Amino acid sequence: MKVAVVKEAAAGERRVALVPDAVRKLRAAGVDVLVETGAGAGAWLSDDSFADAGASIVSRDEALSADVVLLVGKPDSETITKLRRGQALIGLLAPLTDPDLAARLAAAGVTAISMDMIPRTLPRAQPMDALSSQANIGGYKAALIAADAYGRFFPMLITAAGTARPARVLVLGTGVAGLQAIGTARRLGALVSAYDVRPETRTEVESLGGTFIELKSVGSASGEGGYARALTEEERQAQQDELAGHIARHDVVITTAQVPGRRPPLLVTADALKAMAAGSVVVDMGASDLGGNVAGSLPGETIVEGGVTIIGPANLPSTMPSAASAMYARNISALLLNMIKDGALAIDRSDELHAGVLITHEGQVVHPALAGSDSASASSAASAPAETAPPAPAETAPPVQAGTAPPVQAETAEPAAPAETAEGTADV
Ligand code: NAD
């Protein structure tokens with residue numbers, strides 16, 4: 001069986017689906033690995049390093065003729081036209097927000113397997129959980145970006161030239177990315193508060209040394225499988241109003257809130273931004289072309305309004321391509337090895353894991369969260385450009401099992417309260 005890694009299609013994407021260690025594992029399992037020339041360059045992985053691990057370095061066309069093609073992100077239209085019936089494609093295909101892509105892959109007769117549909121709470125699927133591995137990187141990097149953009153210190157510092165109080169950081173949304181942002185900001189010495197509509201995350205926030213904020217006006221919005229549900233219009237308004245007071249008291253806000261299959265909820269309104277002090281920094285991990293957690297945030301752009309820096313980072317995991325590729329390679333090779341039997345891809349649709357990730361098969365969109373929807377019909381979507389796909393409604397979210405919390409690291413106690421500024425020294 002031939003498995004191939006190709007260069008990513010998206011502009012600026014620096015990750016690669018396999019790293020040499022993962023190639024060795026697949027070779028040991030009897031899999032032939034093809035790597036497109038230069039596929040690892042963005043992650044500082046040379047063709048030689050892949051060849052040393054046992055891969056064959058080939059042209060793009062040869063790589064695209066393999067039995068299974070591995071990607072990090074979505075294939076572009078040109079790639080899809082080169083695929084043939086019966087081939088398999090594995091990547092983060094986001095079928096819930098881009099059902100047209102699924103339909104086009106079905107029309108091409110490709111077996112599409114999506115890494116973001118892994119049933120995350122299934123214990124044997126945990127090594128395959130690419131959403132978590134990449135969200136961890138995103139949360140870490142969001143905190144670093146915030147610290148970099150903030151014009152003061154994160155930790156408390158007492159120096160002869162003045163005393164710096166610790167930065168007050170607020171993290172909104174405490175899933176995998178939010179918890180990593182909390183841990184990272186705490187390691188930098190900031191005082192961190194956090195909020196989530198799932199009150200069960202309180203213990204995780206506190207275990208990282210953060211303070212959990214409970215809103216009086218909004219109750220629990222825990223949805224299925226450990227995810228949040230979308231809020232009603234009244235809840236959303238109440239949440240925004242009450243959050244505004246907390247936001248105004250913080251120097252840095254990092255937002256990570258998501259509801260599966262929906263556009264990110266707006267948590268920081270234009271009025272809330274106006275109430276922040278000049279010099280504050282907001283990092284919106286949810287920034288997207290459809291809108292993010294923060295009013296006015298734009299993906300890939302930094303804007304300054306009323307002295308508040310609003311950063312909409314684009315593709316944070318790609319900014320740490322070596323770590324992100326290594327983690328993703330472990331995720332995707334674990335899934336692949338789970339699906340290989342007697343030297344061939346053997347999809348068992350009675351297996352909850354396989355059924356969870358299988359999006360298209362034998363010309364049909366087969367995932368229960370998509371099959372039957374209008375945009376999932378191969379004929380209607382073959383001509384529809386992916387960019388026009390609206391976010392999928394909440395009802396299309398996949399059934400996921402209620403599960404355990406992701407691992408969180410224990411942290412040291414809250415930093416000491418800032419000492420009174422000694423007379424004659426300036427605040428820094
Ligand atoms: P996510 O990216 O879907 O959402 C991020 C966070 O945003 C969530 O905590 C969500 O509650 C929050 N949120 C959504 N709407 C909000 C709003 N209006 N206001 C405030 N917060 C809002 O979440 P995720 O990081 O992918 O993780 C989701 C769940 O999956 C968690 O329960 C996590 O513990 C669980 N999980 C379990 C495992 C496992 O069992 N191995 C692995 C990974 C994740």
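In which sense do strand β10 and β11 pair, and over how many bridges?

Tutor: They pair in the parallel sense, over two bridges. Strand β10 covers residues 191-195. Ser 193 stands opposite Thr 211 in β11. This is a predicted model, in which local features need pLDDT of at least 70 and side-chain atom pairs pLDDT 80 or more, while totals for chains, interfaces and linings use all residues. Residues are numbered from 1 along each chain as its sequence is written, and side-chain values use heavy atoms, without hydrogens or water.

Some terms first. Strands (E, at least two residues) and helices (H or I, at least four) are DSSP runs, numbered from the N terminus. Two strands pair if DSSP finds at least two bridges between them. Strands of a sheet pair through backbone hydrogen bonds, either parallel or antiparallel.

Now the sheet around that pair. Seven strands form an open sheet with mixed pairing, in the order β11-β10-β9-β12-β13-β15-β14. β11 (211-212) and β14 (301-305) are at the edges with a single partner strand each, so one side of each has no neighbour in the sheet.

Next, the ligand. It has 27 residues around it, and Arg 120, Gln 126, Asp 196, Arg 198 and Gly 226 come nearest; a residue counts if one of its heavy atoms lies within 4 Å. The shell has 12 nonpolar, 11 polar and four charged residues. Nonpolar means Ala, Val, Leu, Ile, Met, Phe, Trp, Tyr, Cys and Pro; charged means Asp, Glu, Lys and Arg; the others, Gly among them, are polar. A side-chain N or O atom of Gln 126 is 2.6 Å from a nitrogen atom of the ligand. The ligand taken alone exposes 840 Å², and the protein buries 92% of that. Those areas use the Shrake-Rupley method with a 1.4 Å probe.

Technical notes: A polar contact is a pair of N or O atoms within 3.5 Å; within protein, one must be able to donate a hydrogen and the other to accept it, and residues adjacent in sequence count only if both atoms are side-chain atoms.
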